[in-house]
Amino acid sequence: MGIDIKKMKAKLAALQNKGGKTAFFKPEEGKKHTVRIVNTPDGDPFKEYWFHYEIGKNSILCPKKNFQEECAICNFASKLYKENTEDSSKMAKKFLSRQRFFSPVLVRGEEKEGVKVWGYGKNVYQDLINLVLNPDYGDISDPDNGTDLTMISGKAPGAQFPTTKLTPARNASRLCQGTDDECRDLMDSVPDFNTLHDRKTSAEVAIALDEYLSGDASAEAESSETPK
């Protein structure tokens, strides 16, 4: 028996995803996009993660909220809250973890680029869950009878953050319009969410916090010596 080329393509797709080459989909503000949620092998295409955003240049996966492990940043935030002062409480909010959701999506018009990852907030997450639980739609990710979603992102007048409005298509449709081989290749391109984000150990998170706090202390010392 010769080498199974289809399996080799699947292995290549997995390697690319694990190598950090996963493409992320970011809706362009004010532009209409049509996407299709793609299911994952575990049957849950709505992935929830918690991040610390204020520590250093890159976001940090919270060890406590995501993996039930020790988190120095969470502990530091708790310590600040216990000081029970206005300044410490205000500072503690900066170190709290924040929730973010991710789903694999196929962007209509960009099918040749494969499945991408779309990140969104709690309000959009609630809208998606409500759609799934609505008997008129059900499994919106079904490859044969699922539902495309049209989205428009933008800021309302005076709003600080943009919002995303989702409109489900009136008719069900197939996920893939290509050949059977092309459709299988498409499903093989679904990213591995276990390797999507860089995971730091509890020790590494503690070091990142120490470095950040040391940097803040240095900055304060320098600024105190700078004339106004």
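Which residues of α5 are buried? In α5, these are Val-124, Leu-128 and Leu-131, where buried means under 20% relative accessible area, exposed means over 50% and partly exposed lies in between (1.4 Å probe, protein chains only). The model is predicted, so local features need pLDDT of at least 70 and side-chain atom pairs count only at pLDDT 80 or more, while totals for chains, interfaces and linings use all residues. Residues are numbered from 1 along each chain as its sequence is written, and side-chain values use heavy atoms, with hydrogens and water left out.

**Overview**

- The protein has seven helices and eight strands; helices (H or I, at least four residues) and strands (E, at least two) are DSSP runs, numbered from the N terminus.
- Of its 228 residues, 32% count as buried.
- Contact means heavy atoms within 4.5 Å. Among contacts between residues at least 6 apart in sequence, 63% join residues at least 24 apart.

**Helix α5**

- Helix α5 covers residues 122-133, twelve residues in total, and reaches 16 Å from its first C-alpha to its last. This is close to the 16 Å expected at 1.5 Å a residue, the expected span being 1.5 Å times one less than the number of residues.
- Val-124, Leu-128 and Leu-131 are the buried residues named above. They cover an arc of only 60 degrees around the axis, which puts them on the same side of α5; the arc is that of the directions from the helix axis to the C-beta atoms.
- An α-helix has 3.6 residues a turn, so residues three or four places apart point the same way.
- Asn-123 and Leu-133 are exposed, on the face of α5 turned away from its buried side.

**Nonpolar cores**

- A nonpolar core is a set of buried Ala, Val, Leu, Ile, Met, Phe, Trp, Tyr and Cys residues joined through side-chain atoms within 4.5 Å.
- The largest such core has 16 residues, and Trp-118 and Leu-128 have the most contacts inside it. At least two residues of this core come from each of β2 (32-37), β5 (98-107), β6, α5 and β7.
- Not counting residues up to four places away in sequence, Leu-128 touches Phe-46, Trp-118, Tyr-120, Ile-140, Leu-149 and Leu-166.
- A second, separate core has 15 residues, including Cys-62, Ile-73, Leu-80 and Val-205.

**Cysteines**

- The whole structure contains one disulfide, defined as a pair of cysteine sulfur atoms within 2.5 Å. This disulfide joins Cys-176 to Cys-183, with an S to S distance of 2.2 Å.
- The torsion about the S-S bond of Cys-176 and Cys-183 is about -90 degrees, so the disulfide is left-handed. Cys-176 and Cys-183 are both buried.
- What keeps Cys-62 from a bond with the closest cysteine sulfur? The sulfur of Cys-62 lies 3.5 Å from that of Cys-74, which is too far for a bond.
- Cys-62 is buried at 0% relative accessibility, and Cys-74 is buried with a relative accessible area of 16%.

**Polar side-chain contacts**

- A polar contact is a pair of N or O atoms within 3.5 Å; within protein, one must be able to donate a hydrogen and the other to accept it, and residues adjacent in sequence count only if both atoms are side-chain atoms.
- Arg-199 lies in the loop between α6 (180-188) and α7 (202-224), and is partly exposed because its relative accessible area is 41%. A polar contact of 2.8 Å joins its side chain to that of Glu-69.
- Arg-199 also lies 8.7 Å from Cys-62, C-alpha to C-alpha, although the two are 137 residues apart in sequence.
- Ser-153 sits in strand β7 and is buried, with a relative accessible area of 9%.
- Lys-116 belongs to strand β6 and counts as buried because its relative accessible area is 8%. The side chain of Lys-116 makes a polar contact of 2.7 Å with that of Glu-110.
- Leaving aside neighbours within four places in sequence, the contacts of Lys-116 include Ala-23, Phe-24, Phe-25 and Ser-103.
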